[in-house]
Amino acid sequence: MMDWILQIAPAWAEAHAPALLILLPMLAGPLSAFLPGGGRLAWLLTVVVTTLCTLLSIILLAQVQSVEGGAIISYAMGGWAPPHGIEFRIDALNVLVLLLVSSIALLTSIFSWPTIKAEIADGKRAMFFGAFQVCFMGLLGVAATGDAFNLFVFLELSSIATYVLVALGSGRDRRALPAAINYLLMGTIGASFYVVGVGFLYAATGTLNMADLAVQLQDVGGNRAVQVGFAFILVGLGLKAAMFPLHQWLPNAYAYSPSFVTAFLAATATKVAIYAMVRFLFSVFSLDFAFEGMSLAFILAPMGIAAMLACSFQAIFQADIRRTLAYSSVAQVGYMLLGISLGTAAGVSAGMFHLVNHALMKGALFMAVGGVVLTYQGTRIHDFAGLGRSAPWTMTAFAIAGLSLIGVPLTAGFQSKFALVSALLESGWWWAALIVVFSSVLAVVYMGRILEAVFFRAPNNPHKEHKEAPLLILVPLWILAIANIWVGVSGGFVYGLADDAASALFIGGAS
Amino acid sequence: MAGPRTDHHVVLRIVAKPLIPIIALFALYVHFHGDYSPGGGFQAGVIIVVAIVLYALIFGITPAMRAVPPVFARSLAGLGFIIYASVGVWSLIMGGNFLDYDVLFNEEPGGHMGQHYGILMVELGVLFAVAGSMLSIFYAFAGRVTEIKDEDW
């Protein structure tokens, strides 16, 4: 099938796919900010751009997979050869992230129109879609670039656009404004830490290209500046990825931003930061550095476990469903970090697999909540009571994604938790495997609370007549819900991608 | 704002008036001389905005918004972004990589026209984007408060 894609794709698209992926939203973003028509044209342009970007990601995937063991596509920006010029470097690891970000962007932007019409003022919609595309471009750029400083630029591009998007939730709930400011402060600190860390690495090696950094760092391994740089980068990216205890910005930002933004961010933003962290941990720094091994065992693993426990508990005690799901997101980041902290190919591939699956389930969950916000105006568990009867299609998809979040067999969540537990047992971390199971029980409690209200409680609002979310919401929602089941029943394809990603890191070594 | 005949910071206004075009001219110098000396689109954009901010400080935010409307500032920022990306598209169409200035004018090997004008055009995009965004930020902050009255000086 991959050969077939390469045959029908035009030659220019194949040659310039990495650049076009960034270029399309870069052109369309400012353009859509000026389109007239109350945002409808801007929305159409956004859908077109995200579709094209998804196609380009598929082309890139086909190119990477065309070679046994995964090709590496290098694109020199401006014709300046790396390591001096900026390089876009696509391998099996980041092609997975690119495909995830662009396809989730496509589904959520289809989903967005009804909610945007209800939540964003008329005059701001075009600008809103402009900001969304800049955010989308930034996330793609972080995933595609092979240059450490360029990664910072794209990270900030996406973050600054995200602050705007979160703040625009103020049309529905004024608490979006403090949430956005909080996110801005924390996010800026994170970005500053990252750039300081890159500065230290540059001071020690004199290069910014990641592949070149990896080679140069071999020679200056024990250098104190490198260790400081590593610590700064880990903390900076940890903040962006909502690594426990640096996750304080996340619950409010997710709870009060527009439904569309929540669904998109929950499925992509922290994932891209985790990708960047994996890239630095395993490709730029290599595992032979003793301090790095220590940081994996004594920082990432305990923080991951703490997130799985503490944030799952916090999720149980939230009254607002969006906050429940947000805390659960931090807990799920904990699973990914735990997988990564094993430092083995199996662990990283389980982490990446869970990263993709979590995007599928959280995307679906937040979309369903967005649909309910649209039709019934309420995000508390109390407001969801009895919705199983009034909006069966929306809520069935919600339930499928919720079961996947718990990790019920035949869903995506089960597959990735199974992979994680097997990776943990393989390394002899049986106690961590037990904690994963215990944390899943906590997930049963917080999702069970919601599902119980949805399906078994009588609607406490007598006006709740049969009212389904519009088709534009239902279709992408069900695509994600079915994807959850598809990955759960035959996890092969996505698991294969995650496995390729991990082996690209471990076999490819410095590349 | 007081009428033109009665205000008592006439010195400020007289000094500022000739300064503003000179500041704007200096911005263009920084932009076009960016090839040979420190400078470029970013710095030039900031300097141009300095001229407008000075105008707003001396003559008030409302006349400044009349001279350079906020919508214009926002459009300028978007236009800058588009100029930047368009140079990249141009180089793609000419068969090079994204933002490869060498191919822009189909010149002989060793020619530097592409590098020279390519970077100038890209920096012009940066100038527009920076000037537009800085001005929009300034308007967003300055436009919120009530005007400082003459008596408060």
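In chain B, 63% of the contacts between residues at least 6 apart in sequence join residues at least 24 apart, a contact being a pair of residues whose C-beta atoms, placed from the backbone, lie within 7 Å. The structure is a predicted model, in which local features need pLDDT of at least 70 and side-chain atom pairs count only at pLDDT 80 or more, whereas totals for chains, interfaces and linings use all residues. Residues are numbered from 1 along each chain as its sequence is written, and chains are lettered from A and ligands numbered from 1 in the order in which they are written. The model scores ipTM 0.83 and pTM 0.91. For chain B the mean pLDDT (the predictor's confidence in each residue, from 0 to 100) is 84, and 90% of the residues of this chain reach 70 or more.

Chain B contains five helices and zero strands, where helices (H or I, at least four residues) and strands (E, at least two) are DSSP runs numbered from the N terminus; from the N terminus on, the elements run α-α-α-α-α. Of the 153 residues in chain B, 33% are buried, a residue being buried if 20 or more other C-beta atoms, placed from the backbone, lie within 10 Å of its own, exposed if 12 or fewer do, and partly exposed in between. L99(B) counts as buried because 25 C-beta neighbours lie inside 10 Å.

Chain A comprises 21 helices and two strands, and 62% of its 511 residues are buried. Among contacts in chain A with a separation of 6 or more, 80% are accounted for by residues 24 or more positions apart. Taken along the principal axes, the C-alpha atoms of chain A fill a box of roughly 70 × 55 × 45 Å. The radius of gyration of chain A is 21 Å, which agrees with the value near 24 Å that a compact globule of 511 residues would have; the radius is taken over C-alpha atoms, and the globule rule is 2.2 Å times the number of residues to the power 0.38.

The largest nonpolar core has 244 residues, and L96(A), L140(A) and A364(A) are those with the most contacts inside this core; such a core is a set of buried Ala, Val, Leu, Ile, Met, Phe, Trp, Tyr and Cys residues joined through C-beta atoms within 7 Å. Helix 11 (residues 259-284) of chain A contributes the largest share of this core, 19 residues. When residues up to four places away in sequence are not counted, L140(A) touches L21(A), I22(A), C53(A), L98(A), V101(A) and S102(A).

Helix 10 of chain A is mostly covered, eight of its eight residues being buried, and these include W249(A), N252(A) and Y256(A). The cover over the buried residues of helix 10 includes helix 6 (148-167), helix 7 (176-205), helix 11 and helix 13 (321-341) of chain A.

The loop between strand 1 (73-76) and strand 2 (87-90) of chain A contains P83(A), which is joined to P82(A) by a cis peptide bond with omega near 5 degrees.

A further backbone feature of chain A occurs at L410(A), which has a positive phi of about 75 degrees although it is not a glycine and is found in the loop between helix 17 (392-406) and helix 18 (412-426). L410(A) is partly exposed, because 13 other C-beta atoms lie within 10 Å.

The contact between the two chains takes 14 residues from chain B and 14 residues from chain A. On the side of chain B that touches chain A, the residues divide into seven nonpolar, five polar and two charged, with Ala, Val, Leu, Ile, Met, Phe, Trp, Tyr, Cys and Pro counted as nonpolar, Asp, Glu, Lys and Arg as charged, and the others, Gly among them, as polar.
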